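Dear colleague,

Here is the structure we spoke about, with its sequence. My notes follow below it.

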Amino acid sequence: MAEFRWSQLASSQDGLFELSRRVVGRGAYQGLTFHEIEARSIISKAPPSTPWFGYSINAYRGCSHSCTYCFARPTHEYLGFNMGNDFDNQIVVKTNAVELVRAETEPGRWSGDMIAMGTNTDPYQAAEGKYKLTKGIIEVLAERANDFSILTKSPLVLRDIDLIADASRTSKVSVSFSVATLDEDVWRRTEPGAPHPRKRLDALARLRAAGIPGGVMVAPLLPGISDRPDQVAAVKSAAKESGAEWVNEVKLHLRGVRPHFMNWLAADSPDLVASYETMYPPRRPKKQKPTSESDDNQLRFILA
Ligand code: SF4
């Protein structure tokens with residue numbers, strides 16, 4: 001079991017949050033461990049490297065959808081977990097997320113900017129069935145008439161369809177589904193914990209029928225695995241049939257997840273390793289300040 005870095009931080013006066021409880025999942029949540037924490041803040045300002053959204057909320061850390069290519073994986077390492085199985089199974093739950101959103105979006109305190117959900121973890125991953133934090137956050141944003149967007153791979157979003165439809169009448173709201181492939185074999189290999197892509201498109205069709213703006217991100221296109229023109233055309237065509245208002249292709253960016261992805265690739269498709277080594281050469285390690293203060297600042301951004 002990983003050593004929890006936050007347990008040390010929480011004991012200091014400047015603790016980022018409190019670790020309150022560890023819950024072993026049972027039944028539908030078998031195989032997952034939930035680390036319930038009290039976060040100090042919840043709305044994050046996006047770094048300049050992600051100009052397509054200004055602010056984001058991530059009520060969970062880690063993601064049971066377990067996509068091999070997920071660029072959020074390395075963030076788990078700041079918590080003392082690994083970016084492999086721990087990212088898939090050790091889910092950090094910010095149990096006070098709804099209260100924090102309510103406090104941080106109080107009139108006079110908040111600018112009213114659009115808030116994105118699904119930037120670093122899926123807001124409708126399995127944990128949401130148990131904790132309902134995304135639902136609570138949407139309720140608050142709807143009360144505030146605050147614009148928001150959702151990016152997910154899960155039809156669990158349909159549980160909140162009435163709420164989202166109501167919110168979309170007073171605010172700018174959108175739901176995007178990430179559908180990288182309709183190829184069953186590729187889906188099982190690359191997104192082993194995520195719902196079937198056809199179920200995502202069925203969910204999109206229901207949201208669109210309810211008048212909710214929605215579209216599809218064909219993301220990411222994996223060279224030699226899911227980027228053949230006929231594969232991409234199949235996703236785009238099915239997305240349009242489901243009523244997608246936008247269908248955007250997104251190339252694969254490995255960034256810090258490269259070591260994990262390349263290990264997976266070597267086991268899954270060894271014949272592709274050489275071409276990926278050329279397309280995605282290792283990055284030079286960044287210089288890091290050797291102080292605990294820099295670690296704390298990094299944690300502050302990741303966990304907020
Ligand atoms: S659903 Fe999104 S956040 Fe979750 S593992 Fe897949 S890419 Fe990462």
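This is a predicted model: local features need pLDDT of at least 70, side-chain atom pairs count only at pLDDT 80 or more; totals for chains, interfaces and linings use all residues.

Across the chain the average pLDDT is 90, and 87% of the residues reach at least 70. Residues 11-15 are another stretch with pLDDT below 50; beyond near neighbours in sequence, residues 11-15 have 2 contacts in the model.

Next, the ligand. The residues surrounding the ligand are Cys63, His65, Ser66, Cys67, Cys70, Ala72, Thr121, Asp122, Lys153 and Ala194. Sorted by class, this shell consists of 5 nonpolar, 3 polar and 2 charged residues. Asp122 and Lys153 are among the residues around the ligand.

Last, a helix pair. Helix α5 spans residues 133-143 and helix α6 spans residues 161-170. Their axes come within 10 Å and cross at roughly 25°. Because angles under 35 degrees count as roughly parallel, α5 is roughly parallel to α6. The crossing of the two helices, α5 and α6, is left-handed. On the α5 side the contact involves Lys135, Ile138, Glu139, Leu141 and Ala142; on the α6 side it involves Leu163, Ile164, Asp166 and Ala167. By class, the residues of this contact between α5 and α6 comprise 6 nonpolar and 3 charged, with no polar ones.

Regards

Terms used
Residues are numbered from 1 along each chain as its sequence is written. A residue is near a molecule or strand if its C-beta atom, placed from the backbone, lies within 6 Å of it. Ala, Val, Leu, Ile, Met, Phe, Trp, Tyr, Cys and Pro count as nonpolar, Asp, Glu, Lys and Arg as charged, and the others, Gly among them, as polar. Axes are lines fitted to C-alpha atoms, for helices over the stretch in contact, and angles run from 0 to 180 degrees between N-to-C directions. Helices (H or I, at least four residues) and strands (E, at least two) are DSSP runs, numbered from the N terminus. Angles under 35 degrees count as roughly parallel, over 145 as roughly antiparallel, 65 to 115 as roughly perpendicular and the rest as oblique. A crossing is left-handed if the near helix is turned anticlockwise from the far one by less than a right angle, and right-handed if clockwise. Two residues are in contact if their C-beta atoms, placed from the backbone, lie within 7 Å. pLDDT is the predictor's confidence in each residue, from 0 to 100.
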